[in-house]
Amino acid sequence: MSDERPRVLVVDEDPLALELYRRELEIDYAVTVTLSVEETRRFLQEMAFDVVILEPASNEDEGWNLLKEIFSLVAPPAVILCSVEDERKAGLSQGAQVFLVKPVLPAMLHTTVQQVLAVRSNLSNRRAEPNP
């Protein structure tokens, strides 16, 4: 039996944050968590994700390079950046849909993922509708 729920990938160096986010998000989503940018690259090659939640300062700011790689994918997922530093302008200018400043409550992250997926779904539905 396959899991048809939207797939969410969470990347952060903080194991506690990963566990909190995983517990909250797995209520509605198929969640994969990782501490490593390298492991993230492998996951992105192996499976498609609907949303990536990324701490761009991960692994000595390697997360910023990862963000560029995500948007070079054929079908890039939505991206939510969570950072201790408010680098909102940099993150949003690189294509992230949302930027949250840590600490991010797990319930707030869950609501944000729902909103991002709803917007993407509405955009996809509009593109699929025939023009009169």
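Me: In which helix is the place of Pro106?

Reply: The structure is a predicted model, in which local features need pLDDT of at least 70, side-chain atom pairs count only at pLDDT 80 or more, and totals for chains, interfaces and linings use all residues. Residues are numbered from 1 along each chain as its sequence is written, and side-chain values use heavy atoms, with hydrogens and water left out. Helices (H or I, at least four residues) and strands (E, at least two) are DSSP runs numbered from the N terminus. In these terms, Pro106 has its place in helix α5.

Me: Which residues does Pro106 touch, not counting residues up to four places away in sequence?

Reply: Ala48 is 58 residues from Pro106 in sequence, and their C-alpha atoms are 23 Å apart in space. Contact, by contrast, means heavy atoms within 4.5 Å. With residues up to four places away in sequence set aside, Pro106 touches Leu20, Tyr21 and Glu24.

Me: Is His110 buried or exposed?

Reply: His110 lies in helix α5, residues 106-128. Neighbours within four places in sequence aside, its contacts are Glu24, Leu25, Ile27, Asp28 and Tyr29. Buried means under 20% relative accessible area, exposed over 50%, and partly exposed in between (1.4 Å probe, protein chains only). The relative accessibility of His110 is 6%, so His110 counts as buried.

Me: What is the form of the peptide bond from Lys102 to Pro103?

Reply: Pro103 lies in the loop between β5 and α5. Most peptide bonds are trans. From Lys102 to Pro103, however, omega is near 5 degrees and the bond is cis.

Me: How many residues apart in sequence are the parts tied together by Lys102 and Asp12?

Reply: A salt bridge is a side-chain nitrogen of Lys or Arg within 4 Å of a carboxyl oxygen of Asp or Glu. Lys102 lies in the loop between β5 (98-101) and α5, and Asp12 in the loop between β1 and α1, so the parts that the pair ties together are separated in sequence by 90 residues.

Me: How far apart are the closest N and O atoms in the salt bridge of Glu19 with Arg23?

Reply: Both residues lie in helix α1, four residues apart, about one turn of the helix. Glu19 is partly exposed at 27% relative accessible area, whereas Arg23 is exposed at 54%. Within this salt bridge, the closest N and O atoms are separated by 2.9 Å.

Me: How many salt bridges does a search of the whole structure find?

Reply: One further example joins the side chains of Arg41 and Glu38 at 2.5 Å, N to O. These two residues are three residues apart in helix α2 (residues 37-46), about one helical turn. Arg41 is buried at 15% relative accessible area, while Glu38 is exposed at 54%. For the whole structure, the number of salt bridges found is 11.

Me: With which residues is Thr32 in contact, leaving aside its neighbours within four places in sequence?

Reply: Thr32 is found in strand β2, residues 30-34, and counts as buried at 12% relative accessibility. Val11 is 21 residues from Thr32 in sequence, with 8.7 Å between the C-alpha atoms. Once neighbours within four places in sequence are left aside, the contacts of Thr32 are Arg7, Val8, Leu9, Val10, Phe43 and Phe49.

Me: Which residues does Pro76 touch, not counting residues up to four places away in sequence?

Reply: The loop between α3 (58-71) and β4 (78-83) holds Pro76, which counts as partly exposed at 25% relative accessibility. Its C-alpha atom is separated by 12 Å from that of Val8, 68 residues apart along the chain. Apart from residues up to four places away in sequence, Pro76 touches Ile70, Phe71 and Arg120.

Me: In which loop is Asp14 found?

Reply: Asp14 gathers with Glu13, Glu60, Asp61 and Glu85 in a patch of negative charge on the surface. Patches are made of residues with over 30% relative accessible area and no salt bridge, like charges being joined within 9 Å and nonpolar side chains (Val, Leu, Ile, Met, Phe, Trp, Tyr) within 5 Å. Asp14 counts as partly exposed, at 35% relative accessibility. It is found in the loop between β1 (7-11) and α1 (15-25).

Terms used: Areas by Shrake-Rupley, 256 points an atom, 1.4 Å probe, with all protein chains shown as cover. Lys, Arg positive; Asp, Glu negative; His and termini not counted. Charge placed at Lys NZ, Arg CZ, Asp CG, Glu CD.
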